[in-house]
Each structure stands twice: as structure tokens, then as C-alpha cells.
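Hello,

Here is the structure for you to look over. My notes follow below it.

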Amino acid sequence: MTNDTNSSLTRRRYIKAGGAAGATIAIAGCLGGGDGDSDGEETTTASDDGGTTQSDDGGQELEIVHWWTAGGEKDALNALIEGFEQEYPDVDVTNNPAPGGAGSALDTEIQSRIINENPPSTFQIWPGKALNTYLESDVLVDISDSVWDDGMRDAYLDGVKEMSQSEDGEFVAVPLNIHRLNNLFYNVSVLEDAGVDPANLDSPSALLDAMETIDAETDAAPMAHQTQAVWSTLQMWEDVLIGHAGVDTYQDVIAGNVADNETAVRESLQLVADFREYFNEDAGSVAWDEANAKVIQGNAAFIHQGDWAAGQYGAADDFEYDSDWGNLAFPGTDGVYHVVADSFVMPTSNPSPEATEKWLSYCGSVDGQERFNPVKGSIPPRTDVPDDEFGPFLTAQREDFDNSDAQPPTIAHGTGVTPQVKSNVEGAFSAFVGNWNVDAVYNELTNAF
Amino acid sequence: MRSRILRVLRPGEQADAESEQQVRTDGGTSADRPQRGAADSDARADGGVTATADQPSRARRWLDSEFVKSLPFWLPATLLVGLFVYGAIGWNFVISLTDWTGLRQPTYDSFDFEMYEVFFRNVGKGGLLSGPHTQEYWALRNTFVLLVVFTVAALVVGLLLAILVDRDIRYENTFRTIYLLPMSLSFVVTAIFWAWMYNPDTGMINETLRLVGLGSLTQQWISDPQFKLFAVMFALVWQFSGYAMVVYLAGLRAIPTDQYEAAKVDGASLVKMYWRVIIPQLRASTTSAAVVLMVFALKAFDFLFVLFGTRPGPSADILAMMMYRESFGITNWAYGSAIAMVLFVLALGVIAPYLYVQFKRGEL
């Protein structure tokens with residue numbers, strides 16, 4: 001029977017879970033697949049190079065840990081690495097992906113490796129408050145002088161620079177790409193059928209009215225959405241709050257003053273609960289890309305999603321920007337560029353300090369960002385990257401970014417609140433997406449920050 | 001840990017051994033061969049005492065002693081299990097007594113039960129009956145419900161299947177394979193299958209209900225908090241009742257046919273015969289199946305993680321999920337370890353009374 005393999009698997013899993021709970025550093029070190037692999041790679045390369053891995057001259061090995069393993073993301077990273085290798089031929093890049101959306105597997109690997117003082121050269125992380133765990137333990141190197149030269153400082157906007165700094169103003173991260181969160185994508189023909197003009201949507205309440213019309217006039221779901229995982233609804237609430245009460249209120253709320261803004265918070269939550277009537281019926285059983293596919297098929301009118309959703313439109317046949325789909329800033333959030341960013345950092349006890357600095361400088365360079373972002377479907381945080389490589393949609397997004405008045409961080413994507421607060425807020429929303437009880441979620445939010 | 005218990009249990013099933021073996025060969029199953037082998041050779045070492053009765057030197061005698069001779073059979077396994085199972089559990093307990101958070105090595109200078117106090121205070125916060133409940137309350141409650149309901153349901157379904165398959169039906173092997181097959185599939189695969197089937201719009205379950213005119217029974221199976229945990233348990237029972245069936249089938253084959261005949265001669269009805277005569281003899285099978293099924297219940301983590309990420313919501317949150325969030329989401333290692341210990345005690349607590357009763361009856 002398969003029982004034997006199965007129960008031994010279980011036992012190993014059990015140990016892993018024990019290790020996972022921080023039980024045994026040593027055992028986690030032995031069993032953690034990632035650790036073993038990377039150790040192995042390091043030793044092999046070391047012997048190939050004649051043991052020069054650690055020396056300053058000659059080739060250095062750069063191990064990059066990241067979670068970009070899906071199609072477009074992977075291509076984007078490969079383009080970036082290719083450019084880096086051309087620029088710095090003396091560095092050997094070890095590409096060590098930790099698959100799992102939004103770093104779910106990466107955290108596990110990085111944290112145990114940092115505790116074991118065996119970190120990779122650099123790893124992917126959300127900037128902003130998500131760095132908090134690492135900053136509190138003092139395991140990130142200050143790169144204010146070594147990487148952030150004047151050219152870089154001039155080219156980044158303030159909101160993004162703030163995210164790259166610790167509370168004392170030391171630069172510790174280099175943002176590589178920026179996604180916009182406050183988009184409302186729509187299927188042009190569904191809106192035309194319903195007689196809704198997207199240009200008139202100037203507030204979340206107006207969006208609610210428009211969805212009512214669409215519901216009455218067409219068979220399509222007024223809004224495609226997924227509630228299976230919490231983050232989509234959380235990011236929707238963030239933008240409803242900005243659209244309804246303004247970006248200053250939002251900033252005040254994520255700073256922890258929920259009770260001071262009770263009316264705004266309650267009203268925005270109520271709007272999300274009202275939106276829910278117009279979601280696709282299977283919102284609770286689909287992933288975000290399945291929901292997004294409904295917009296492509298014409299089975300849904302709107303979707304609120306980060307601009308990574310546009311990548312799916314580009315890949316679909318006969319679904320063109322402007323003629324088939326359009327987008328606008330989420331109603332009420334004109335002038336706001338709600339930033340979701342990825343960055344790379346330099347952990348202490350670094351195996352290859354020089355190579356890591358070279359990598360981080362390259363991530364902050366015009367060339368690196370120009371290679372990476374068009375493929376990833378994001379915009380470069382540097383404002384001086386030429387437009388040529390970016391299609392019409394991303395060029396429009398870049399224009400909005402350059403002219404934006406505010407670049408607030410997000411809760412759902414880690415930049416705006418500490419991991420502890422993010423976890424609490426997600427807990428509140430995980431109940432909300434089931435019971436849509438505004439009072440309950442408001443009470444939990446007041447305790448979450 | 002559990003397979004260790006299993007191993008202890010096995011010799012007690014000596015009576016079933018022969019026929020069990022047979023079933024195994026049929027089904028291409030080699031589950032406990034090595035362990036059984038070890039048990040056998042233990043027995044042989046027992047019997048072999050007379051062979052060493054010459055007058056050798058002390059070292060020679062020591063080398064020939066039963067203890068030393070049996071070493072190769074149990075020592076490697078004991079060391080490995082001791083280090084990787086009990087060692088890990090022990091270390092986990094030690095960490096749960098510290099205040100370890102963040103990304104530095106833990107300090108072992110003060111130990112207290114603070115993490116457990118926090119956990120149980122949060123469980124009771126807001127009252128046990130009224131609300132609002134904390135995540136600790138929901139996770140504990142759901143884990144308990146999952147352990148008990150899933151285990152019992154899988155056992156019952158497995159027993160029924162085993163009795164049906166045991167009644168000399170045609171294509172018996174085929175049926176056995178069909179029922180056992182889901183267990184060989186990864187949770188990642190089955191979770192996605194079930195997500196499709198539970199889809200309220202296009203899923204097979206709601207479509208079928210509509211087809212047979214029961215449209216009023218359609219539900220948002222995995223998003224409605226009322227049905228979420230039930231839906232997950234249903235899928236798990238589907239996946240693992242096949243395992244219970246195989247274990248019971250082995251048990252049924254061990255019961256001599258004359259007992260069936262005797263019951264018939266005594267005029268027992270079919271139901272009465274199984275209830276009074278057959279099922280009471282399946283206790284050992286029940287124990288071993290229940291232990292393994294509870295391990296599978298803990299594996300619900302994979303299933304939930306694929307469907308909902310680390311936040312299944314209060315209605316389906318379990319301790320394993322919460323432990324993962326606390327540890328790797330927000331690096332509260334000590335608290336995560338404490339949750340793991342609670343989970344461990346909970347699992348032991350569910351099975352211990354049954355093991356104890358069996359032990360008293362001398363059936364272990």
C-alpha cells in the first residue's frame with residue numbers, strides 16, 4: 001500500500017512543521033530543501049572557480065532569491081539578469097526562485113536562512129513597512145552611500161524613496177518596479193450595451209449606481225471579483241476609502257487612527273458590502289485571474305485590480321487596449337498613484353557584498369529598469385527611463401505616475417503597514433468576505449493597528 | 001510519532017497477520033513489511049537463546065546477548081525517530097517557553113508559560129458562547145471539529161465500503177482501486193478539483209442539484225461561512241475513506257467464516273450479525289485507521305492553503321494554519337511553537353481515551 005511512503009512523508013512533514021514553528025534550527029537547516037540546494041550550488045561553484053567565491057578580485061557569485069516564476073515575471077527577471085551579466089561580466093548569477101505568489105514560500109526560506117546566518121546575496125521583498133521585521137532584527141545593510149548615489153535619488157519620486165528607507169532615513173532597499181493598484185478596468189462593449197459612460201464615474205457611489213444599471217441592462221456581472229483569498233477585497237476597500245474620503249484620510253487610517261475616522265471607514269466598508277451584490281456569483285470559488293477572464297469574455301463589466309491584470313489582456317486574442325478594454329483611476333482617486341512595489345535588499349552576513357552592491361545599483365539604473373518593466377507590465381520607479389519600450393497602456397500609466405500628487409502605500413501588498421498589522425487586518429477581512437458585517441469588521445479594524 | 005504508535009500496535013494484531021498479509025499481496029501493498037520483519041526477528045532472537053549456551057569469554061557472551069544481537073534491528077530506527085521526532089517535539093516545546101520573535105537566534109535565559117497563557121486567554125476572550133471570538137477560538141474549535149467529525153465520518157464510510165466490497169462482489173479489485181485512488185492524489189490537485197465542483201455558478205454539485213429539481217438547495221459552498229468547513233471535510237472524507245476501507249477490509253478478512261455461519265445459524269439478521277459479531281472484532285483496525293486518519297486531518301492545511309491562502313477565514317481556520325501565519329507571517333516563533341504544542345496535545349487527547357480503553361481490554 002502507499003501507506004508506508006505516505007506515513008513517512010507525514011512524519012517528515014511533521015518534523016518540517018516542527019521546524020517551521022521555529023522548533024529546530026538545525027533540523028530545519030538539514031531538511032529545508034532550499035537550504036540544501038543552495039549550499040550544494042555554492043560549494044560546486046566554489047570549486048569550479050578555484051575557491052574564489054569569497055575573494056574580491058575575479059568572479060563573485062551572486063545568489064538572487066525571488067518569487068517571479070510565472071510566465072511574464074520570469075521573462076522579465078531573465079531580461080534583467082541578462083542585462084546585468086552584460087554590464088558586470090565578472091559576476092556569476094545564481095538564480096534561485098522560491099515559487100509561491102507574493103512571497104509565501106520565499107519568506108519561509110529567507111527567514112530560516114537569515115536566522116542561520118546563511119543569507120543569499122540579495123532577495124526580493126516588498127519595500128516600506130514590510131521591511132519592518134528585517135529592520136527590527138537589524139539584518140539589512142545601510143546602502144545610502146554605496147548604492148543610492150545622487151543620480152538615483154534625483155530620479156525617484158519622494159513617496160517611493162520613503163518606502164526604501166528605514167525609520168531613521170537610511171536607505172536599505174532598491175525598488176525595481178511599480179504597479180498601480182487603483183485601477184478600474186472595464187470591458188468597453190459591455191459598458192456600451194448598458195449605456196454607462198466611464199467618464200462619469202467620479203466616486204465609489206457613482207460606481208455603485210453604474211453597476212446597478214449594468215445589472216439591469218445586461219446579463220454580465222457588473223463587477224468581476226474574487227473573495228476566495230482575502231487580499232483582493234482588502235485592496236478594494238483601500239481604494240474605496242481613498243475614493244470616498246480622500247488620500248489624507250487613508251494615510252491617517254493606515255497610520256492607525258481608525259476610530260478618529262469612524263464615519264469614513266464605516267461608509268467605505270458599507271460601500272464594499274454593497275458592491276458585493278454585483279460581484280460574479282462564483283466570486284468565492286475563483287482566483288483573481290479567473291475573475292479577470294470574465295472581463296475578457298464579456299461576462300463582467302468592471303474589475304478593480306492592480307495593473308498586472310493588463311498582462312492578461314495583452315495575452316488574450318482580439319482584446320485590444322482602448323477598443324476592447326479600457327481603464328481609469330478607481331472612481332474618486334484621480335491624481336493618486338496607489339503604489340505596489342518590489343525591491344531588492346542586501347542582508348547582513350552577506351556572502352558577496354561587492355556583487356550585491358553591483359546588483360542593487362543595476363536594479364536602480366535606467367538600463368535595468370528599462371529591460372525589466374516593459375516585460376513585467378509595470379512602470380519603472382525612475383522617472384527618467386525613456387518611454388520607447390513601453391506600450392501605450394504603460395506609457396499612459398507612467399504619465400499618471402509622473403503627474404501624481406500622492407503615492408500612498410498599500411496594506412494588502414505590505415508597503416503601508418507592518419507585517420503584524422497586515423496580518424490583523426487580513427484577519428478582520430477574512431471574516432468580512434464571509435459575513436459582510438460592517439460593524440464586526442469595523443470593530444476588528446479598530447483593534448488591528 | 002504516529003507511525004511509532006502504529007508499530008507498537010502491529011504486534012497486537014498478530015491474529016490478523018496472516019490474512020492481512022494476503023490482502024496486502026493482492027492489493028500490491030507492502031506497508032508494514034519492514035516493521036513486521038523487525039518484529040519477527042525480535043521473536044527469533046527470543047527463541048534463539050539456547051543457541052548461545054556454550055562457554056565463551058565475557059565479551060563474546062556480551063556480543064552474543066539478545067540485547068546486542070537485537071541492536072541492529074531497533075537502534076538505527078530508535079535513534080532516528082528519537083532525534084527527528086521526539087527531539088523535534090521536545091525542542092519545539094522548549095522554544096514555546098521562550099519569547100523568541102524576529103530574525104535573531106533565540107535566547108534561552110528565561111522560560112515561562114506566557115505564550116500558552118496568551119493563547120488560552122484569547123480563546124476565552126469575548127466569552128466562549130457569545131462573541132466576538134478571536135482567531136485562537138475559531139482555530140481551536142475548527143481543528144477539534146475537523147479531527148473528530150472527519151475521523152468518524154471517514155471511518156464510517158470506510159467501514160460501509162469495506163463491508164460491501166467484502167461481500168464477494170464481482171470486480172472487487174477494481175472497486176478497491178477506485179476507492180483507494182483519491183488518496184494517491186496530491187492535495188493540490190484535489191483542492192482545485194473540488195473548488196471547481198463547488199463553484200456555485202458552473203460547478204458540478206450545484207448543476208446536479210438544479211438538474212434534479214433541487215435548485216433551492218444550491219449553495220455558495222466554499223464561500224458561505226456556514227458550509228465552508230463542511231465542504232472541506234466532505235472533500236477530505238472523499239479522499240481518505242478509501243484508506244479506512246482497506247484497513248477494515250484487512251480486518252474483515254481476518255475473521256473466520258464460521259463466525260458468520262454461526263451467527264446465521266443462530267438466526268441473527270444481517271444487520272445484527274455485523275453489529276454484534278463482526279464490528280466488535282474490528283477494534284484494532286479502527287484504532288490504526290483512526291490514528292492515521294487524524295494525521296490526514298492535520299494535513300488539511302495543504303487543502304485549505306491551496307484554496308484560501310493562509311487566511312481561510314474564521315469558519316475554516318485551523319491551528320496548523322494559524323501556526324504557519326504566526327511563525328512565517330510575522331515571525332512570532334515562540335507563539336507559533338506554543339500553537340504547535342496545543343495542536344499536538346489536542347491530537348493526542350482525541351486518540352488517548354481510545355488507546356487507553358483498548359489497552360485495558362488487552363487488545364494493544
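**Spans in chain B**

Residues 330–357 of chain B are 89% helix and 0% strand, with the end C-alpha atoms 42 Å apart. Keep in mind that this is a predicted model. The span 144–165 of chain B is 100% helix and 0% strand. Its end C-alpha atoms lie 31 Å apart. Both spans carry the "transmembrane region" annotation in the unreviewed UniProt entry. That record also gives this label to residues 71–94, 177–197, 229–250 and 289–310 of chain B.

**The nonpolar core**

The largest nonpolar core holds 206 residues. Which residues touch the most other members? They are Met223(A) and Ala244(B). Helix α11 of chain B, residues 225–253, gives the most to this core: 17 residues.

Chain A has an open sheet of four strands, in the order β6-β7-β5-β8, with mixed pairing. β6 (221–224) and β8 (325–329) of chain A are at the edges. Each has a single partner strand, so one side of each has no neighbour in the sheet. On average, neighbouring strands of this sheet are turned by 20° against each other, direction ignored.

β6(A) and β7(A), residues 300–305, run parallel and are joined by three bridges. Ala224(A) has Ile303(A) in β7(A) as its bridge partner.

Best wishes

Notes:
Residues are numbered from 1 along each chain as its sequence is written. Chains are lettered from A and ligands numbered from 1 in the order in which they are written. This is a predicted model: local features need pLDDT of at least 70, side-chain atom pairs count only at pLDDT 80 or more; totals for chains, interfaces and linings use all residues. Two strands pair if DSSP finds at least two bridges between them. Helices (H or I, at least four residues) and strands (E, at least two) are DSSP runs, numbered from the N terminus. Axes are lines fitted to C-alpha atoms, for helices over the stretch in contact, and angles run from 0 to 180 degrees between N-to-C directions. UniProt positions are given in the numbering used here, feature names are shortened, and annotations may be inferred rather than shown by experiment. A nonpolar core is a set of buried Ala, Val, Leu, Ile, Met, Phe, Trp, Tyr and Cys residues joined through C-beta atoms within 7 Å. A residue is buried if 20 or more other C-beta atoms lie within 10 Å of its own, exposed if 12 or fewer, and partly exposed in between; C-beta atoms are placed from the backbone.
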